[in-house]
Structure formats: C-alpha cells, structure tokens
Amino acid sequence: MSISPVPGQGHPDGLTTTPSPATGAPQAHHAGHAPQAIPHPQPPQSPHPPQTPAAGAGALLGLRSAIILMLGVLVGTGTGVLTYLAQHDAATAVLAGGAAFAGAVLFFHTIIAA
C-alpha cells in the first residue's frame, strides 16, 4: 500500500494524505473518514479517592484501635460487674474483668477489618 505524495490526490485504495496541523507531515486516512485525534495520556487512576489529612491526624489512636479498645473495656467492665454480683469478691471480679478485656481485644482485633 502506498501513500500518494501530493496532498488531497486520490489513490486506488481510497487513501489520501493531508498535512498534519501540528507538524506539517503528511497523514494517511481513508477517503470519506476524518483523521482521528491523538489521545492524550491520562494520569493513572487509583480505585480510591486521594487521601486528605483528617482533622484529628495527630491523634494518639486511630479510629479502629479506639473502637477495639472501647469494646474491650465494655466487655471487661460487664464481666467484672456480673462476676462481683455473683461472687461478692472484688479480687475475683477484677481478675475476670481483666481476662475478659484481653480476650475481647484479641477477638475484635481479629474480626474488625483493617
């Protein structure tokens, strides 16, 4: 397939050449079809929106850690109170509450997505 050297002159294959507006170099295209625009490169798109610093960016704990510890405290407190009401022994209630707190933190750390 050859391109005719004279712009606008027809060719048996239906190809014609026109000068490129940007470079002046001839471009081949089929008769009756306009030349296609060159696509501009797009920056890569990530599936997540860009992260902006949160208002509490300098916070001591992240949201996930705070929720896990809060749930652990609630479970430990509830266990300690119920144990004290059943045994009427403060030492047993504190030990049961501490063990429940540790178990709850490990449990919630496992099931709450990172």
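This is a predicted model: local features need pLDDT of at least 70, side-chain atom pairs count only at pLDDT 80 or more; totals for chains, interfaces and linings use all residues.

Guide: A residue counts as buried when its relative accessible area is under 20%, as exposed when it is over 50%, and as partly exposed in between. That rule will be needed several times below.

First, the setting. The protein has 2 helices and 2 strands. Read from the N terminus, the order of these elements is β-β-α-α. Of the 114 residues, 16% count as buried.

Now the pair itself. Two packed helices are described by the angle between their axes and by the distance between those axes. Helix α1 covers residues 63–87, and helix α2 covers residues 90–111. Their axes come within 7 Å and cross at roughly 150°. Angles over 145 degrees count as roughly antiparallel, and α1 and α2 are therefore roughly antiparallel to each other. The crossing in which α1 passes α2 is right-handed. The residues in this contact comprise 14 nonpolar, 9 polar and 1 charged.

G72 is part of helix α1. Its relative accessibility is 0%, so G72 counts as buried. The C-alpha atom of G72 is separated by 7.7 Å from that of A100, although the two residues are 28 residues apart along the chain.

G78 is another residue of helix α1. G78 and F101 are 23 residues apart in sequence, and their C-alpha atoms are 9.6 Å apart in space.

T83 also belongs to helix α1. With a relative accessible area of 16%, T83 is buried. The side chain of T83 reaches the backbone oxygen of T79, at a distance of 2.7 Å.

Next comes the link between the helices. H88 lies in the loop between α1 and α2. The phi angle of H88 is near 55°, which is a positive value in a residue other than glycine. H88 has a relative accessibility of 60% and therefore counts as exposed.

The last item is a pair of rings. The structure holds 1 aromatic pair. The ring centres of F107 and F108 are 5.3 Å apart, and the ring planes stand at 65°. Planes over 60 degrees apart count as edge-to-face, so the pair of F107 and F108 is edge-to-face. The two residues fall into separate classes of accessibility: F107, at 46%, counts as partly exposed, whereas F108, at 16%, is buried. The value for F107 is not over 50%, so F107 is not classed as exposed.

To put the steps together: the two helices are roughly antiparallel and cross in a right-handed way.

Note on methods: Residues are numbered from 1 along each chain as its sequence is written. Side-chain values use heavy atoms; hydrogens and water are left out. Axes are lines fitted to C-alpha atoms, for helices over the stretch in contact, and angles run from 0 to 180 degrees between N-to-C directions. Helices (H or I, at least four residues) and strands (E, at least two) are DSSP runs, numbered from the N terminus. Angles under 35 degrees count as roughly parallel, over 145 as roughly antiparallel, 65 to 115 as roughly perpendicular and the rest as oblique. A crossing is left-handed if the near helix is turned anticlockwise from the far one by less than a right angle, and right-handed if clockwise. Ala, Val, Leu, Ile, Met, Phe, Trp, Tyr, Cys and Pro count as nonpolar, Asp, Glu, Lys and Arg as charged, and the others, Gly among them, as polar. Rings of Phe, Tyr and Trp (its six-membered ring) pair if their centres lie within 6.5 Å; planes under 30 degrees apart count as stacked, over 60 as edge-to-face and the rest as tilted. Buried means under 20% relative accessible area, exposed over 50%, partly exposed in between (1.4 Å probe, protein chains only). A polar contact is a pair of N or O atoms within 3.5 Å; within protein, one must be able to donate a hydrogen and the other to accept it, and residues adjacent in sequence count only if both atoms are side-chain atoms.
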